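Here are my notes for anyone opening this one up for the first time. Keep the 3D view beside you and go through the points in order.

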Amino acid sequence: MNEQNLTKAAQELVDTGYVVETQLVDVSSLESVEALVSKATSLGNVLQVVNTAGLSPNMASTEKILEVDLVGTVYILEEFGKVIAEGGAGIHISSMAGYMIPAFGAEIDTALSTTPASELTKLPVLHLKISLTLLMLIAFLKELINFGYRLKV
């Protein structure tokens, strides 16, 4: 969330002929997302929603990554899902890092998909004493082995 970058990007779009409205949003805050939804609906029908908010392990702590990448995504989906116009669409653009973590399994997938957004970061599985970077490294090494590489430790 950088107001200077937001202002610069908006001006570049205005300079090329677009009509632009801006609003700083912290997707990890339900109130901030609700304010964005309110502003969006005040401008007319919401036909498209694009969420690109996300952090990676080299940018933030595991806790902040979970707040933005997991909880923030759910807030965006849930809140805009209430107001998006018929025929509208939404897209979430994320990094491939989420695919580098080994699969959790059906029980944990169910917990992740049914737990209220505000409670997600309290799920025990997300408090493992292992870093996301290490999980991604393990997944990467598994992929190398799957491609036939032999690792000598």
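1. Let's settle one term before anything else: a salt bridge here is a side-chain nitrogen of Lys or Arg within 4 Å of a carboxyl oxygen of Asp or Glu. By that rule the count comes to 4 salt bridges. One of them joins the side chains of Glu-21 and Lys-39, with 3.7 Å from N to O. This pair links distant parts of the chain, 18 residues apart: Glu-21 sits in the loop between α1 and α2, and Lys-39 in helix α2.

2. A word on where this comes from. The model is predicted, so to speak with care: local features need pLDDT of at least 70, side-chain atom pairs count only at pLDDT 80 or more, and totals for chains, interfaces and linings use all residues. Residues are numbered from 1 along each chain as its sequence is written, and side-chain values use heavy atoms, with hydrogens and water left out.

3. Now the overall layout. The protein chain has 5 helices and 2 strands, where helices (H or I, at least four residues) and strands (E, at least two) are DSSP runs numbered from the N terminus. Reading from the N terminus, the order is α-α-β-α-β-α-α. Contact means heavy atoms within 4.5 Å; of the contacts in the chain with a separation of 6 or more, 62% are between residues 24 or more positions apart.

4. How much of the chain is buried? Buried residues make up 22% of the 153 residues. The scale is this: buried means under 20% relative accessible area, exposed over 50%, and partly exposed in between (1.4 Å probe, protein chains only). The chain exposes about 10800 Å², with carbon and sulfur atoms supplying 58% of it. Those areas come from the Shrake-Rupley method with a 1.4 Å probe, and for residues only the protein chains shown count as cover.

5. Next, the inside. A nonpolar core is a set of buried Ala, Val, Leu, Ile, Met, Phe, Trp, Tyr and Cys residues joined through side-chain atoms within 4.5 Å. The largest one has 18 residues, and Val-27, Val-33, Ile-76 and Phe-80 touch the most other members. Elements giving two or more residues to this core are α2 (30-42), β1 (46-51) and α3 (62-81). The largest share, 7 residues, comes from α3.

6. Leaving aside neighbours within four places in sequence, Val-33 is in contact with Val-25, Asp-26, Val-27, Tyr-75, Ile-76 and Glu-79. Glu-79 also forms a salt bridge with Lys-82, the closest N and O atoms being 3.1 Å apart.

7. Ser-28 lies in the loop between α1 (3-15) and α2. The side chains of Ser-28 and Asp-26 are joined by a polar contact of 2.6 Å. (A polar contact is a pair of N or O atoms within 3.5 Å; within protein, one must be able to donate a hydrogen and the other to accept it, and residues adjacent in sequence count only if both atoms are side-chain atoms.) Not counting residues up to four places away in sequence, Ser-28 touches Lys-64, Glu-67, Val-68, Gly-72 and Tyr-75.

8. Two of those partners, Lys-64 and Glu-67, form a salt bridge with each other, the closest N and O atoms being 3.5 Å apart. They are separated by about one helical turn because they are 3 residues apart in helix α3. Lys-64 is partly exposed at 32% relative accessibility, and Glu-67 is partly exposed at 32% too.

9. Thr-115 is in the loop between α4 and α5 (132-146) and counts as buried at 17% relative accessibility. A polar atom of the Thr-115 side chain lies 2.5 Å from the backbone oxygen of Ala-111. Beyond residues up to four places away in sequence, Thr-115 touches Leu-120 and Leu-123.

10. Last, the surface. Val-50, Ile-91 and Ile-93 make a nonpolar patch of about 280 Å². Patches are made of residues with over 30% relative accessible area and no salt bridge: like charges are joined within 9 Å, nonpolar side chains (Val, Leu, Ile, Met, Phe, Trp, Tyr) within 5 Å. Ile-93 is in the loop between β2 (84-92) and α4 (106-114) and is partly exposed, at 44%.
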